[in-house]
Amino acid sequence: MCSLITCKALKFNIEHLMRQYNFNDDILYFDAGLHNFVNLLNERVTEALENNRICDKQSIIGFGRCCGNVEELSRKYDSPYTEVENCYHLFLGNDYYNLLKEIPGTFFLTNYLAENFEDLIIKPQKIDIHP
């Protein structure tokens with residue numbers, strides 16, 4: 001059995017693909033807000049990898065470089081990871097992600113981000129205090 005460790009921002013899309021391709025393995029989602037606290041995100045991902053190792057489960061790290069030391073975690077736990085910049089790069093693929101990078105400040109809006117915009121963007125960036 002395998003376990004995917006990934007960002008909750010992609011949950012809707014991942015679960016759609018799981019149903020489409022009959023993927024029945026475990027998925028552990030971490031709140032997208034942890035990206036604002038990279039050290040905490042790394043701790044949580046490390047704990048999940050360690051727990052999977054103890055349970056003799058192969059892990060797939062569904063985070064990009066937004067997770068900080070993802071390459072090191074991949075080597076240490078012998079777990080493949082997605083070689084992308086961030087979760088949206090993973091979702092969009094190289095072509096569309098590169099289009100977003102052409103215009104600074106452009107980002108991809110998912111249903112998760114729209115539903116949690118205040119908690120993920122407004123409050124952490126203090127836009128509500130300093131518009």
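Trainee: Does Asn52 count as buried or exposed?
Mentor: This is a predicted model, in which local features need pLDDT of at least 70 and side-chain atom pairs count only at pLDDT 80 or more, while totals for chains, interfaces and linings use all residues. Residues are numbered from 1 along each chain as its sequence is written, and side-chain values use heavy atoms, with hydrogens and water left out. Buried means under 20% relative accessible area, exposed over 50% and partly exposed in between (1.4 Å probe, protein chains only). Because its relative accessibility is 9%, Asn52 counts as buried.

Trainee: Which residue has a side chain joined to that of Asn52 by a polar contact?
Mentor: Asn52 lies in helix α2; helices (H or I, at least four residues) and strands (E, at least two) are DSSP runs numbered from the N terminus. A polar contact is a pair of N or O atoms within 3.5 Å; within protein, one must be able to donate a hydrogen and the other to accept it, and residues adjacent in sequence count only if both atoms are side-chain atoms. At 3.3 Å, the side-chain partner of Asn52 is Ser3.

Trainee: Why do the buried residues of α1 lie on the same side of the helix?
Mentor: In α1 (residues 11-20), Asn13, Ile14 and Met18 are buried. They lie on the same side because the arc they cover around the axis, taken from the directions from the helix axis to the C-beta atoms, is only 140°.

Trainee: At which residue does α4 bend?
Mentor: Helix α4 (residues 87-102) has 16 residues, yet its end C-alpha atoms are only 18 Å apart, short of the 22 Å that a straight helix would reach at 1.5 Å a residue. That expected span is 1.5 Å times one less than the number of residues. The bend, the angle between axes fitted to the seven residues ending at a residue and the seven starting there, is about 120° in α4, at Gly93.
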